[in-house]
Amino acid sequence: MADIRGILFDKDGTLVDFNATWLGVADFMAMDAAEGDRWKADRLLAAAGFDFVSKRFKPDSIFASGSNMDVVELWFPRLSDVDQMHAVSRFNEITSAQGSAMAVALPGVVDSLRTLHKRSYRMGVATNDSTSGAERTLATLGIAQLFDAAFGYDAVANSKPAPDTVVAFCDLTGLKPGEIAMVGDNRHDLEMARAGGCGLAVGVLSGTGTRDSLAPMADIVLDSVADLPDFLAARVNVPAG
């Protein structure tokens, strides 16, 4: 088994409570895009994967795992390139400011991250949110100092599920891909782990993904990042404390 020395974490649904943090932000974005038309905004939300029955976003849907560019391309398919970039910039402003300000950490995650940091794991965030949004979220949660870097979709040439973020994290830390675990709640996260040659692909059930959607791509599926320190400790037979 690979000696895991670094960990890349997805952000939303993995470190951050996706629904508690993003439902309000998604609704604001849809209303902004629909110019205040509630019916149209609801249609945009549904197209992006929101299930109005369960009040949750569907696994691997555009809003659950895509970037703001993906949302813009879905909601405004006929924009010019210039107008498209203006729309992406607008959504980046919304998600960076509101998403970070409203961020709610998942139970037990902060303590687990501190434990992993004490064990000298190099840690990074790999998200399809913007880099500024990721950095501001980590600061809001008081855990920015635990991470070497946060990589948003705009920090690499190709975002998840492409392997670019794995390569960037390796370049930063000097680690090999086989020494890195990728942890996430969507298939995009695990597909990036496979594409990048990560030594461990960990699915978590704390976000929009399900065991059925994650298990085919994951080496292990855990309930939450809160379970990760004990899992890694048992994997290498070291004390869990």
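Threonine 165 lies in helix α8, which spans residues 164-173, where helices are DSSP runs of H or I with at least four residues and strands are runs of E with at least two, each numbered from the N terminus. This is a predicted model, in which local features need pLDDT of at least 70 and side-chain atom pairs count only at pLDDT 80 or more, while totals for chains, interfaces and linings use all residues. Residues are numbered from 1 along each chain as its sequence is written, and side-chain values use heavy atoms, with hydrogens and water left out.

**Surroundings of threonine 165**
- With a relative accessible area of 3%, threonine 165 is buried (buried means under 20% relative accessible area, exposed over 50%, and partly exposed in between, with a 1.4 Å probe and protein chains only).
- Leaving aside residues up to four places away in sequence, threonine 165 touches Leu8, Ala126, Phe151, Val156 and Met192, contact being heavy atoms within 4.5 Å.

**Salt bridges**
- The structure holds 11 salt bridges, each a side-chain nitrogen of Lys or Arg within 4 Å of a carboxyl oxygen of Asp or Glu.
- One of them joins glutamate 179 and arginine 5, at 3.2 Å from N to O.
- This pair links distant parts of the chain, 174 residues apart, with glutamate 179 in the loop between α8 and β6 and arginine 5 in the segment before β1.
- Glutamate 179 counts as buried at 16% relative accessibility, whereas arginine 5, at 42%, counts as partly exposed.
- Arginine 90 forms a salt bridge with aspartate 32, their closest N and O atoms being 2.9 Å apart, and this pair connects helix α5 with helix α1 across 58 residues of the chain.
- Arginine 187 and glutamate 191 also meet in a salt bridge, at 3.7 Å from N to O, and because they are 4 residues apart in helix α9, about one helical turn separates them.

**Packing of α5 and α7**
- The axes of helix α5 (residues 81-101) and helix α7 (residues 131-140) come within 8 Å and cross at roughly 20 degrees, where axes are lines fitted to C-alpha atoms, for helices over the stretch in contact, and angles run from 0 to 180 degrees between N-to-C directions.
- The two helices α5 and α7 are therefore roughly parallel to each other, since angles under 35 degrees count as roughly parallel, over 145 as roughly antiparallel, 65 to 115 as roughly perpendicular and the rest as oblique.
- Ser96, Ala97, Gly99, Ser100 and Ala101 in α5 meet residues of α7, among them Arg136 and Thr140.
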